Amino acid sequence: MKNLKNSILDYEQVNQILDNFSKDKKFIELSDLGNTEKDLPIRHFKVGNGKSDIVITGATHGSEIITTDFILKLMSDIKNNEKEWNNVLKEFTIHLIPMLNPEGYLISSLFDNNKWCNCNNKICE
């Protein structure tokens with residue numbers, strides 16, 4: 001996983017990392033919660049098999065891109081520190097939605113990386 005310190009991941013980088021997590025048997029990628037107006041998927045992962053559910057969402061609002069980084073780091077910690085998480089994952093099922101608002105994330109990450117363009121009518125490339 002790319003070192004997230006002092007960097008903002010763009011939309012494609014986040015999805016590449018999520019693709020890698022979806023290959024890991026610890027994380028189950030469930031069907032997308034839906035698609036945005038511009039047809040971007042809202043991805044949903046599950047880890048653990050406890051009776052109680054915890055839902056953690058990132059990028060709920062477009063300017064909250066740091067929350068996606070938090071979820072990626074949390075997923076990495078769960079993957080790399082399995083013994084430390086065993087008890088938690090026996091009691092809880094954790095639902096991770098890294099980008100609840102993918103379009104907002106996309107626009108904010110473009111702006112923060114000085115790649116801003118007029119996105120009023122279309123997704124920027």
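**Salt bridges, core and aromatic pair**

Arg-43 and Asp-19 form a salt bridge whose closest N and O atoms are 2.9 Å apart. The model is predicted. Over the whole structure, a search finds four salt bridges.

**Salt bridges**
- Arg-43 is buried, at 9% relative accessible area, while Asp-19 is partly exposed at 35%.
- Glu-29 also forms a salt bridge with Arg-43, the closest N and O atoms being 2.7 Å apart.
- Because Glu-29 lies in strand β1 and Arg-43 in the loop between β1 and β2, this pair ties together parts that are 14 residues apart in sequence.
- Glu-29 is partly exposed, with a relative accessible area of 28%.
- Shared partners join Asp-19, Glu-29 and Arg-43 into one network.
- Asp-24 forms a salt bridge with Lys-79, with 3.9 Å between the closest N and O atoms.
- Asp-24 lies in the loop between α1 and β1 and Lys-79 in helix α2, so parts 55 residues apart in sequence are tied together.

**Nonpolar core**
- The largest nonpolar core has 26 residues, and Phe-27, Met-75 and Leu-96 have the most contacts inside it.
- Elements that each supply at least two residues of this core include α1 (11–23), α2 and β4 (92–97).
- Met-75 is among the buried residues of α2.
- Beyond four places in sequence, Met-75 touches Leu-18, Phe-21, Phe-27, Phe-45 and Leu-96.

**Aromatic pair**
- The count of aromatic pairs comes to one.
- Phe-21 and Phe-27 form this edge-to-face pair, 5.2 Å centre to centre with 70° between the planes.
- Both Phe-21 and Phe-27 are buried.

Key:
Residues numbered from 1 in each chain as written. Predicted model: local features only at pLDDT ≥ 70, side-chain atom pairs only at ≥ 80, totals over all residues. Heavy atoms only, no water. Phe/Tyr/Trp six-rings, centres within 6.5 Å; stacked < 30°, edge-to-face > 60°. Buried < 20%, exposed > 50% of the residue type's maximum accessible area, 1.4 Å probe, protein only. Helix = DSSP H or I, 4+ residues; strand = E, 2+ residues; numbered from the N terminus. Core = buried A, V, L, I, M, F, W, Y, C linked by side-chain atoms within 4.5 Å. Contact = heavy atoms within 4.5 Å. Salt bridge = Lys/Arg side-chain N within 4 Å of Asp/Glu carboxyl O.
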